[in-house]
Amino acid sequence: MSEQQPANPATPGAADTTQAIFNIEKIYLKDMSLECPGAPKVFLGNETPQVNVEVHSGASVVEAGALYEVVLTVTVTAKAAERTVFLVEAAQAGLFHIRNLAPQDLDAVLGILCPTTLLPYAREAVSGAIQRAGFPPVVLHHMDFNQIYAQAAQAQKAQQAQPAPATVN
């Protein structure tokens, strides 16, 4: 006579509804713009432009508790003699399926892991656009989104710790 074993939820094939889930559903270029306001004259000068890079990240809920869109926006501005040589802005986005995370862990995933995943795609989009505009490529360096996230969290705590201004009735 054989004994029947009770079903073990840890066995393969058993549905575990508490396990954390992180899946990349889609990566896409949401918006892209390129401006070269002084062309073709900018190609005749021999001034070396000053390049400024700004990076911003934001997340939004697409489907409550499961699907999130994260957008990494990169803006590269090159100026020479106070004139804009070129301006490129790329909004690299991704849809991420994320479940069963504590709120603080979810915030960290949306602020660190997702932008880190999107950065190589944004790097290629920006570099390619600048090259197609006739300039040498600007290669975005690695960014430590852990540090950026920690600094933003610290700034938010400091802002919340400040007393609200008194109102006069």
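## Strands and helices in a predicted model

Me: In the hairpin of β2 and β3, which residue takes a positive phi?
Reply: This is a predicted model. The hairpin of β2 and β3 has three residues between the strands. The positive phi, near 75°, belongs to G65.

Me: How many bridges join strand β2 to strand β3?
Reply: Strand β2 covers residues 50–63 and strand β3 covers residues 67–80. The two run antiparallel, and E54 stands opposite T75 in β3. The number of bridges joining β2 to β3 is 13.

Me: Which are the edge strands of the open sheet?
Reply: Four strands form the sheet, with antiparallel pairing, in the order β1-β4-β3-β2. An edge strand here pairs on one side only. That applies to β1 and β2.

Me: What does the twist average from one strand to the next?
Reply: The open sheet has the strand order β1-β4-β3-β2. From one strand to the next, the twist averages 15°.

Me: What angle does the direction of α1 make with that of β4?
Reply: Helix α1 packs on the sheet and touches β1, β2, β3 and β4. Strand β4 spans 83–99. The direction of α1 makes with that of β4 an angle of about 140°.

Me: Is the crossing of α1 and α2 left-handed or right-handed?
Reply: The α1 side of the contact consists of Q104, D107, A108, G111, I112, P115, T116 and L119, and the α2 side of F145, N146 and Y149. These residues divide into six nonpolar, four polar and one charged. The crossing of α1 and α2 is right-handed.

Me: Is G45 buried or partly exposed?
Reply: G45 lies in the loop between β1 (21–35) and β2. Its relative accessible area is 48%, and buried would require under 20%. G45 is therefore partly exposed.

Me: What distance separates the C-alpha atoms of G45 and A80?
Reply: G45 and A80 are 35 residues apart along the chain. In the model, their C-alpha atoms are separated by 9.5 Å.

Methods
Residues are numbered from 1 along each chain as its sequence is written. This is a predicted model: local features need pLDDT of at least 70, side-chain atom pairs count only at pLDDT 80 or more; totals for chains, interfaces and linings use all residues. Side-chain values use heavy atoms; hydrogens and water are left out. Two strands pair if DSSP finds at least two bridges between them. A crossing is left-handed if the near helix is turned anticlockwise from the far one by less than a right angle, and right-handed if clockwise. Contact means heavy atoms within 4.5 Å. Ala, Val, Leu, Ile, Met, Phe, Trp, Tyr, Cys and Pro count as nonpolar, Asp, Glu, Lys and Arg as charged, and the others, Gly among them, as polar. Buried means under 20% relative accessible area, exposed over 50%, partly exposed in between (1.4 Å probe, protein chains only). Axes are lines fitted to C-alpha atoms, for helices over the stretch in contact, and angles run from 0 to 180 degrees between N-to-C directions.
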